[in-house]
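Please look at the sequence and the model that follow, and keep both at hand while you read.

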Amino acid sequence: MEYKLSFKEYHKALMKNKLMGLKCKECGTVTCPPQMSCSSCTGFDLDVTELSGKGKITTYTTVYVAAEGRESEAPYIIVLVELEEGPWIMGNLYDLDPSRASLDLIGRPVQMGTRIFPGDKYSDGPAARPAFRFAD
């Protein structure tokens, strides 16, 4: 079985500030990040599609103890965003001082961009991660 959109291709698109997903031809569900099958009906007939990166914050957390290699970034905010096309993805929120994060963040519209981070001892070089900014 062949992946319609590999993680290598997904990350390559992120490096170019594009968010790619998969749209199921059977039920229309959009999946992101890429998976082998549809997250709703488990169908394998998927098309690669570019997503808008627009969505709303569904929840968040503030990280005070960073993962190895990201110590200089702490504290930082991680948000879970429901995209307009349906899938939920996580990324950093950069428009707000972490000390000011509150439940008022939930429901706020955001737009995704990307940031490039240097690799760590576990990665294969620099990588792109979703990075959100307020859209209102």
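## An aromatic pair

Across the whole structure, a search finds one aromatic pair, where rings of Phe, Tyr and Trp (its six-membered ring) pair if their centres lie within 6.5 Å, and planes under 30 degrees apart count as stacked, over 60 as edge-to-face and the rest as tilted. The pair is formed by Phe7 and Tyr10, whose ring centres are 6.2 Å apart and whose planes stand at 80°, so the pair is edge-to-face. Because Phe7 and Tyr10 are three residues apart in helix α1 (residues 7-15), about one helical turn separates them; helices here are DSSP runs of H or I with at least four residues, strands are runs of E with at least two, and both are numbered from the N terminus.

This is a predicted model, in which local features need pLDDT of at least 70 and side-chain atom pairs count only at pLDDT 80 or more, while totals for chains, interfaces and linings use all residues. Residues are numbered from 1 along each chain as its sequence is written, and side-chain values use heavy atoms, with hydrogens and water left out.

Buried means under 20% relative accessible area, exposed means over 50%, and partly exposed lies in between (1.4 Å probe, protein chains only).

## Charges over rings

The charged end of Arg70 sits over the ring of Phe117, 5.4 Å from its centre, and the charged end of Arg108 sits over the ring of Phe134, 3.8 Å from its centre. A charge sits over a ring if NZ of Lys or CZ of Arg is within 6 Å of the ring centre and within 35 degrees of the ring normal.

## Cysteines without disulfides

A search of the whole structure finds zero disulfides, a disulfide being a pair of cysteine sulfur atoms within 2.5 Å. Cys24 is in no disulfide, and the nearest cysteine sulfur, that of Cys41, is 3.6 Å away; Cys24 is buried, at 3% relative accessible area. For Cys38, the closest cysteine sulfur is in Cys27, at 3.6 Å, which is too far for a bond, and Cys38 counts as buried at 2% relative accessibility.

## Partners of strand β4

Strand β4 (residues 54-63) runs antiparallel to strand β7 (residues 109-117), joined by three bridges, and Lys54 stands opposite Gln111 in β7. β4 also pairs with strand β5 (residues 76-83) in the antiparallel sense, over eight bridges, with Tyr60 opposite Val79 in β5. Two strands pair if DSSP finds at least two bridges between them.
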